[in-house]
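Subject: Structure handover

Hello,

Here is the structure I promised to pass on. Please open it alongside this note. My findings follow below.

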Amino acid sequence: MKMILRWFPFGDDSVTLKEIRQIPGVTGVATCMPKIPVGEVWPLEMLESLKKEINDAGLEMEVIESVNIHEDIKKGLPSRDQYIENYIRTLEHLSKVGVKVLCYNFMPVMDWARSDLSLELPDGSQVMAYRHEEVLQMNPKVMADVMAKKARGYSLPGWEPERLDAMAKDIEFYQNMTQETYWENMKYFLDQVIPYAEQYDIKLAIHPDDPPWPLYGLPKVITNRENIRKFLDLNKSPYNGLTFCTGSLGSDLKNDLPEMIREFGKEGRIHFAHIRNVKHLTEKDFDEAAHLSSCGDLDMFEVMKAYDEVGFEGYVRPDHGRMIWGEKARPGYGLYDRAIGANYLLGLQEAISKMKTRYK
């Protein structure tokens, strides 16, 4: 597997490529282009410039997060065909700069939800947190305001200011859409785009819903084993796959993550792995945690062992980290805790690999 780190370009990140290059075992970054409005084509010239900047720092740019899906596609509106055409053109441009995996999501209206972006833990570190009843009492505008105050001036993917005015109307729109219609809209998108993903040799890797349960009456689909199976069966091309996020799926304690990794990994349908830990206070209240297994509810040894068993050779990154040692950074995306997480995961991988050959 290839260990990478998420990095935000155009001065929208406190972490530099030079710093990422110094983390042992990290070979590249998963990046994005937040300057491009959702639905527009990503310009080839900008991608070429971005690739050069990353390569000049001694890192690879083989993964992109995210070319966001325009809401009209999710809604199934007549205008979706133009946005799908733009998506396909973006895939073509990504292929020309050597991108191999595209992480995206099909979550309606909002990409993710948290009640706090900088909850202070007893040890003084700060984490993103979710309290279900608090979130239910917020409308998207209130939640956006709360998050913006703790974003430290950085952009929040999925909560761009230009989207806020439409959020309330979009939520109202989905109250009249059945879950099955939403699945049909997903299939329509996949059937249009996957042939081009195959042509351009770019694997599409959908990210699970975060959190993985109903919120504001919105359709939630990539939430558990059953739904993931249904999604993969919508289009059985190996280019239709997953970003398997332990943090998102692990927020639901009923999900058996190692078994899911074994099932979908054996089929070659996991293309990208986001690995992080969560600590539950109740069934639907949790804090994000340090990657170390004992800091949360997830067994990282078993997670990494499952990836080893299926021979996973894709991309992996330590997902959200804590704010530690006085660092001021984009919530979840500081340098120090993610660097610790990357090397903890690489250490587990090395130990598991050597145990198989040296201590039979």
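In which helix do D56 and K52 both lie, and how many residues apart are they? Both are in helix α2 (residues 44-56), four residues apart, which is about one turn of the helix. Helices here are DSSP runs of H or I with at least four residues, and strands are runs of E with at least two, numbered from the N terminus.

Some ground rules first. This is a predicted model, where local features need pLDDT of at least 70 and side-chain atom pairs count only at pLDDT 80 or more, while totals for chains, interfaces and linings use all residues. Residues are numbered from 1 along each chain as its sequence is written, and side-chain values use heavy atoms, with hydrogens and water left out.

Salt bridges

The structure holds 33 salt bridges. The term means a side-chain nitrogen of Lys or Arg within 4 Å of a carboxyl oxygen of Asp or Glu. Back to the opening pair: the side chains of D56 and K52 meet in one, at 2.7 Å from N to O. D56 and K52 are both exposed. Exposed means over 50% relative accessible area, buried under 20%, and partly exposed in between (1.4 Å probe, protein chains only).

K254 and D252 form another salt bridge, at 3.2 Å from N to O. K254 is exposed, with a relative accessible area of 63%. D252 counts as buried, at 12% relative accessibility.

E309 pairs with R262 in a salt bridge, and their closest N and O atoms are 2.6 Å apart. E309 lies in helix α12 (residues 300-309) and R262 in helix α11 (residues 257-266), so the pair ties together parts 47 residues apart in sequence. E309 is partly exposed at 39% relative accessibility. R262 is buried at 13%.

There is also a network of salt bridges. It links R6, E65, R114, D210, R276, E288, R317 and D319.

Helix packing

Two packed helices are described by the angle between their axes and the distance between the axes. Axes are lines fitted to C-alpha atoms, for helices over the stretch in contact, and angles run from 0 to 180 degrees between N-to-C directions.

Take α8 (residues 179-200) and α9 (residues 225-234). Their axes come within 9 Å and cross at roughly 40°. The two are therefore oblique to each other. Angles under 35 degrees count as roughly parallel, over 145 as roughly antiparallel, 65 to 115 as roughly perpendicular, and the rest as oblique. In α8, E180, W183, M186, K187, L190 and D191 meet N227, K230, F231 and L234 of α9. Contact means heavy atoms within 4.5 Å.

Now α12 and α13 (residues 336-358). Their axes come within 9 Å and cross at roughly 55°. These helices are therefore oblique too. M300, F301, M304, K305 and D308 of α12 make the contact with Y344, L345, L348, Q349, I352, S353 and K356 of α13.

One residue to look up

Q179 is found in helix α8. Q179 is partly exposed, with a relative accessible area of 34%. Leaving aside residues up to four places away in sequence, Q179 touches P219, K220 and V221. The C-alpha atoms of Q179 and K354 are separated by 46 Å, and the two residues are 175 apart along the chain.

Best wishes
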